[in-house]
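Hi,

Here is the structure I promised to pass along.

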Amino acid sequence: MSAERGRGAVLHLTTVFILVLGAVWWWRAAPREPADDRLLGWQRTAEQLLPESGEQQMSNTLALADGDGHEEVAEVGGGEFLVSVVCAGVDGSRVRVSLGAGETGRGMRCSGSRTPEVFSVGLASELHLRVSVEAAGPVVFRYTLQRLNW
């Protein structure tokens, strides 16, 4: 091997080493999300109240902070569906759930006795589900979508 090729190999290896070192530093320097043990408990509660089943078209569990909102838009095809929703959170927490663009939605308590709310809805092609935290977040919100007719 010539001296010039040797210097080129050393230069390439040094560059790769610096890139790997920089990537590790960047990964480790990223701020960590503080773990909230309450969220894990609320997530387990929501998933027990609305468990996964083979009949579901889709489902999702979301952790939302105070004042946060989230919109799910999914192509589901036309038909009649059951949308089941439940939330869990601190005392006094509430969310507002709406299934349409011009709809103000329905308020739900996230504390106390938590029972899933079930809506029957006819959809042309897409599901538009909006949820916003009204008071005393954070909360865990879960929904499932089940087709009634094929």
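**An open helix**

None of the 27 residues of H1 is buried, so this helix lies largely in the open. Bear in mind that this is a predicted model. H1 covers residues 3–29, and its length checks out: at 1.5 Å a residue the helix should span 39 Å, and its end C-alpha atoms are 38 Å apart, which agrees.

**The chain as a whole**

If you want a box for it, the C-alpha atoms fill one of roughly 75 × 40 × 30 Å along the principal axes.

A few totals, in case they are handy:

- Buried residues are 29% of the 150 in the chain.
- The accessible surface is about 9,600 Å², with 56% of it belonging to carbon and sulfur atoms.
- There are 14 positive and 18 negative charges, and their mean positions sit 7 Å apart.
- Of the contacts with a separation of 6 or more, 78% are between residues 24 or more positions apart.

Start with Phe 119, which is in strand S6 (residues 117–123). Is Phe 119 buried or exposed? Its relative accessibility is 16%, and the cut-off for buried is under 20%, so Phe 119 counts as buried. Setting aside neighbours within four places in sequence, Phe 119 is in contact with Phe 81, Leu 82, Val 83, Val 85, Leu 99 and Arg 106. As for Leu 145, it is 26 residues from Phe 119 in sequence, and the two are 9.7 Å apart C-alpha to C-alpha.

Then try Ser 84, in strand S3 (residues 79–89). Ser 84 is buried too, with a relative accessible area of 11%. Which residues does Ser 84 touch, not counting those up to four places away in sequence? They are Leu 50, Glu 117, Val 118, Arg 142, Tyr 143 and Thr 144. Two of these, Glu 117 and Val 118, fall within the residue range of S6, the strand that holds Phe 119.

That's what I have for now.

Cheers

Technical notes:
Residues are numbered from 1 along each chain as its sequence is written. This is a predicted model: local features need pLDDT of at least 70, side-chain atom pairs count only at pLDDT 80 or more; totals for chains, interfaces and linings use all residues. Side-chain values use heavy atoms; hydrogens and water are left out. Buried means under 20% relative accessible area, exposed over 50%, partly exposed in between (1.4 Å probe, protein chains only). Contact means heavy atoms within 4.5 Å. Accessible areas come from the Shrake-Rupley method with a 1.4 Å probe; for residues, only the protein chains shown count as cover. Lys and Arg count as positive and Asp and Glu as negative; His and the chain ends are not counted. The place of a charge is taken as NZ of Lys, CZ of Arg, CG of Asp or CD of Glu. Helices (H or I, at least four residues) and strands (E, at least two) are DSSP runs, numbered from the N terminus. The expected span of a helix is 1.5 Å times one less than its number of residues.
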